[in-house]
Amino acid sequence: MLDDSLSRPADEPLVPPKQMAAWRAFLTAHARITDRLARELRDREELPLTWYDVLVQLSAAPDHRLRMQELAARVVLSKSGLTRLIDRMEQAGYVDRFPCTDDRRGTFAQMTETGYATIKRTAPTHLAGIREHFADVIDDAEAEVVAAALTRVLAHLGDEPV
């Protein structure tokens, strides 16, 4: 067991109680809301949330396409197994994959018309879930505080706000 008594008083926790409570609430809320949103998309739209995430990222990109490396950096839900996920989405007709002409090692993923129609059809379900399970539960002032705090955390990590 590590003895960190030289760096702080013995009765001082490593993480202050209010920050630890915020951390636990953040983790729990994120996990529960994400699970609920995933279940709603699956049950109502027959679309996995990870697929929706990929389609959102591609729909926001120029020409609805991104290099696989850039897509992996942008997806919010699961970076692991992205290649296999794109394989399945390509088989289902939601994306096409093609080589990058200036870098033979690079590959693009591009949303198809089917993928675009799917994101347009399913977005209302997802956005209604965000509203019901998050936006309607906090007021404007709380939303500003949460956004400001999490933007600072992202900046500390060297990430840009989403």
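User: Quick one on this predicted model. R131: buried or exposed?

Analyst: R131 is exposed, because its relative accessibility is 53% and the cut-off for exposed is over 50%.

User: Which residue does R131 pair with?

Analyst: D136. Their side chains form a salt bridge, 3.0 Å from N to O.

User: Where do salt bridges share partners?

Analyst: At D87, E90 and R97, which are joined into one network.

User: How many salt bridges in total?

Analyst: Six.

User: What about E70?

Analyst: E70 makes a salt bridge with R74, at 2.7 Å from N to O. Both sit in helix α3, residues 68-74. They are four residues apart, about one turn of the helix.

User: And how accessible are E70 and R74?

Analyst: E70 is partly exposed at 35% relative accessibility. R74 is partly exposed too, at 33%.

User: What does D43 bridge to?

Analyst: R42. The closest N and O atoms are 3.3 Å apart. D43 counts as exposed at 52%, while R42 is partly exposed at 48%.

User: Switching topic. Which residues form the nonpolar surface patch?

Analyst: W23, F26, L27, L127, I130, F134, V146, L150, V153 and L157. Together they have about 870 Å² of accessible area.

User: Which helices supply at least two residues each?

Analyst: α1 (17-45), α5 (113-135) and α6 (140-156).

User: Where is L27, then?

Analyst: L27 is in helix α1. L27 is partly exposed, because its relative accessibility is 40%, between the 20% and 50% cut-offs.

Technical notes: Residues numbered from 1 in each chain as written. Predicted model: local features only at pLDDT ≥ 70, side-chain atom pairs only at ≥ 80, totals over all residues. Heavy atoms only, no water. Patch = residues over 30% accessible without salt bridge, like charges linked within 9 Å, V, L, I, M, F, W, Y side chains within 5 Å. Areas by Shrake-Rupley, 256 points an atom, 1.4 Å probe, with all protein chains shown as cover. Salt bridge = Lys/Arg side-chain N within 4 Å of Asp/Glu carboxyl O. Buried < 20%, exposed > 50% of the residue type's maximum accessible area, 1.4 Å probe, protein only.
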